[in-house]
Amino acid sequence: MDRETRRKLEEERLARAAMRAAGVPIPPSSGSSSAGTSQPQPSSQPSTAPPPPPAASAPPAKRVHSVTISDDDEAGPAKRARPVSASSQQPSEVVVLDDSDTDDGEPAPEPARPVATQKPVSARPVPPSRPVVAAAPPAPASPANVTDAKIKYLDGQFLLTATGPHQAGRLRYEDLIEKDHLQAAILSSFVWEPEWLLPKLPLHIRLCFINNKTSPIELPETLSKRVIKVEPNLGGFGYMHVKLSVFIYKTFMRVAIGSANLISYDWSGMENVVHVQDFPKPTTPADAEAAANDRRFFTELSACLRDLEVPNNVYRFMAQYDTRRWRAHLVFSRNGSCLTTDHPSGYGITALAQAASRTGWAGVVRDHAPPLEVVAATSSLGALDHAFLRQCLEQVRGGASRSSQEADEIKVLFPTAATVLGSVYGAPGGGSLWLRRDMWERQGYPREVFYALESKTDGYLSHCKILYAVVKQTLSAPTIPDGEPIGLYYAGSHNFTKAAWGSYWRNAGKVSMNNYELGVVYAIHARSELGTRFPVPFKTPRKYGDGDEPWIQGDYPQTQSGEEK
């Protein structure tokens, strides 16, 4: 897209925002179907120095929130780059409002909150330490005389989003949607941009929107009466941070889980990661019978939707799809203090341990005690401490403590201020990246594990949330037998925070979390899978040096407007 076209689209967007603020009906955008990907306008040159202080003009209107947190809590102000009005901003500027992608405060010490009540889950067998992986079923034949969208992601895969000029082999949101055949959709996002999203959907179909309480989607009055809107209970703290899209077609279901909100900037201006898989309807009685005996994916996903308070009649139909090709494991967090047994995959950080057990990785750790390299790329950080780091290392091992003498290594990847200021959009583009200075400077903060997060898409920032653990490459590292996993790979909505992953209270068998989160984890069987099957979209991590400072949004007032949550 050339600069002139982008400028015109931005002017249209600003005008629509001004009309919406004034209560004037908004006419359809001239470029809503394909060009409606408004985003922060790039500066002519990357900035290498802090931007000048903002002009003395009146700031954008602030949205007041009733939720308050303590100094120990992790929070962020407005972090999403969205223009507010044509009169207050130039088309080339980015305004960050308080409807951004952030995490809430850290969990309170156990037992500060009651155990969340759950419907009992049917008894599940304990998985073996070396699970037998069944062969994938054959690809289904398409029913005769049925016109439908094409199945494209039968085996499931991770994809990076199209970012700026980086388009080849990358995913656009519209790649997931075929309007002529779409019959229903369940969509979840922390923040929304309806002007960008709704033109991509056929609005006569059944729609369910899962909202964060303080940033729900705003729908036209004519549409809002025909959809279901869900806001899970937060109990006064935390966020609904899940990024999920379920698309229902005539002959299959498409499920996308990742780190991108349903706004244009996340799908064109920042790099995100998404896992996509198609699940067909069985086409023969034999397929239907075999599929009915393997409903692990339906069991896991339906438990997540139940916790998100989606009505059962919205998702119970998913049981009819053939999910035998599902080879991953869901990792889900919910607001509150919960028994780990209340969800079929566990909750939060304990779900990593369950995935380690189910994939056989926990058995490898038990038998060989290898030292680990753990890499966590994140776009938000809170009150980290060494206890949380130790708990993370323990859970990615399947809940086992270390027995070898060589230390594990953990690397927390977060962008430096220089990286953000030198990016295409400069400081305003860093509105989705959050760390508070008082946390960074707090005594005992694990600054020694920080590494610079630099995307391979030069000039663009990463919003990916990725965590992987692999056997550390050392001369003394044990040899893992062929065919055995050498680690775990996670991608989804979880930032590397206690608010997202939770704190595990082993004696009580509970985990305390603040946010609703969702992601996907696989076993890694070869290092060559990193960067191929499993995206590693950042450059080789470089440890913070003496001149490096993390990106701290609060140091740059032009990136925020609004009260902290």
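Predicted model: local features only at pLDDT ≥ 70, side-chain atom pairs only at ≥ 80, totals over all residues.
Two strands count as paired when DSSP finds at least two bridges between them.

**Entry: a strand pair.** I found S4 (residues 184-188) and S5 (residues 206-210) running in the parallel sense, paired over five bridges. I picked out Leu187 and saw that its bridge partner in S5 is Phe209.

**Entry: the sheet around the pair.** I then traced the open sheet of seven strands, which has mixed pairing and the order S3-S9-S8-S7-S4-S5-S6. Which strands stand at the edges? They are S3 (157-160) and S6 (227-230); each has a single partner strand, so one side of each lacks a neighbour in the sheet. I also noted that neighbouring strands here are turned by 15° against each other on average, direction ignored.

**Entry: the chain as a whole.** I counted 12 helices and 20 strands. Of the 565 residues, 59% are buried.

**Entry: salt bridges.** I got a total of 27 salt bridges. One of them joins Asp287 and Arg324, at 3.6 Å from N to O. Asp287 sits in helix H4 (285-292) and Arg324 in the loop between helix H6 (312-315) and strand S10 (329-333), so this pair ties together parts 37 residues apart in sequence. Is Arg324 buried or exposed? At 16% relative accessibility, Arg324 counts as buried, while Asp287, at 21%, counts as partly exposed.

I saw that Arg324 also forms a salt bridge with Asp322, with the closest N and O atoms 2.7 Å apart. Asp322 is buried too, at 10% relative accessibility.

Last, I jotted down a network of salt bridges linking Arg172, Glu174, Asp175 and Lys200.

Methods:
Residues numbered from 1 in each chain as written. Heavy atoms only, no water. Helix = DSSP H or I, 4+ residues; strand = E, 2+ residues; numbered from the N terminus. Axes fitted to C-alpha atoms, helices over the stretch in contact; angles between N-to-C directions. Buried < 20%, exposed > 50% of the residue type's maximum accessible area, 1.4 Å probe, protein only. Salt bridge = Lys/Arg side-chain N within 4 Å of Asp/Glu carboxyl O.
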